[in-house]
Amino acid sequence: LIFNLQSWTKADDISELEIEGISIGDSLLDHFPRELIEKEKAIMDQSAYTNKEYFNAWFEGNGKFETYDYLQIHLKSNDVNYIVKSVEGKIIYKNNIEECYKKKNIIYEELKNIFPSATVKHDKGSHSADSSGKSKTDTTYFFLANKTGVIGVACYDYSIEFGKADNLKVFIDSLEFL
């Protein structure tokens, strides 16, 4: 399973899902030292958030994570408790996008069975960060019926010129973050 959950059959709230043990509503301080979070806050390019209400922190697994190569956590900029609003796990598929699509399909089927009442949206197109239009995204969103948030899975097929590694992203976003 790509997520951890106490009991999939009881999943009626977004906070019951975990990626690498981290859930929406957790204090990131329970998982990483304050100094590391603050370092990430200071060095990350926060240009994605034009109003600066949120920031994101990246954590490289280096073999410490069970499933993912990286975690990306989104937090409110003014929150001293660093309450998680969104958590993403990323698996690198360097020059192997077909394996990413296979894994995405497996996760999609798993999520479809777990959340049969969710509204599902598929989105394919060019990656907004690549002005050449050569980098592509393939994302599936599961909007939970109880409106607590969205769960999703995506493959990013980056062009060679863009310079990033292809990857699979699994994410849990709170309604507030959306």
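Reader: What do buried and exposed mean here?
Author: Buried is under 20% relative accessible area, exposed is over 50%, and partly exposed is in between (1.4 Å probe, protein chains only).

Reader: So how much of the protein chain is buried?
Author: Of its 178 residues, 47% count as buried.

Reader: Where do these values come from?
Author: This is a predicted model, where local features need pLDDT of at least 70 and side-chain atom pairs pLDDT 80 or more, while totals for chains, interfaces and linings use all residues. Residues are numbered from 1 along each chain, and side-chain values use heavy atoms, without hydrogens or water.

Reader: How many helices and strands are there?
Author: The protein chain has 2 helices and 9 strands. Those are DSSP runs numbered from the N terminus: helices are H or I with at least four residues, strands are E with at least two.

Reader: In what order do they run?
Author: Starting at the N terminus, the protein chain reads β-β-α-β-β-β-α-β-β-β-β.

Reader: New topic. Where is S131?
Author: Look between strand 6 (119-126) and strand 7 (136-143). S131 sits in that loop.

Reader: Is S131 buried or exposed, and why?
Author: Exposed, because its relative accessible area is 79%.

Reader: How far is S131 from F162?
Author: In space, S131 and F162 are 9.4 Å apart, C-alpha to C-alpha. Along the sequence, 31 residues separate them.

Reader: And L175, where does that go?
Author: L175 belongs to the segment after strand 9, and strand 9 covers 167-174.

Reader: Why does L175 count as exposed?
Author: Because its relative accessibility is 51%.
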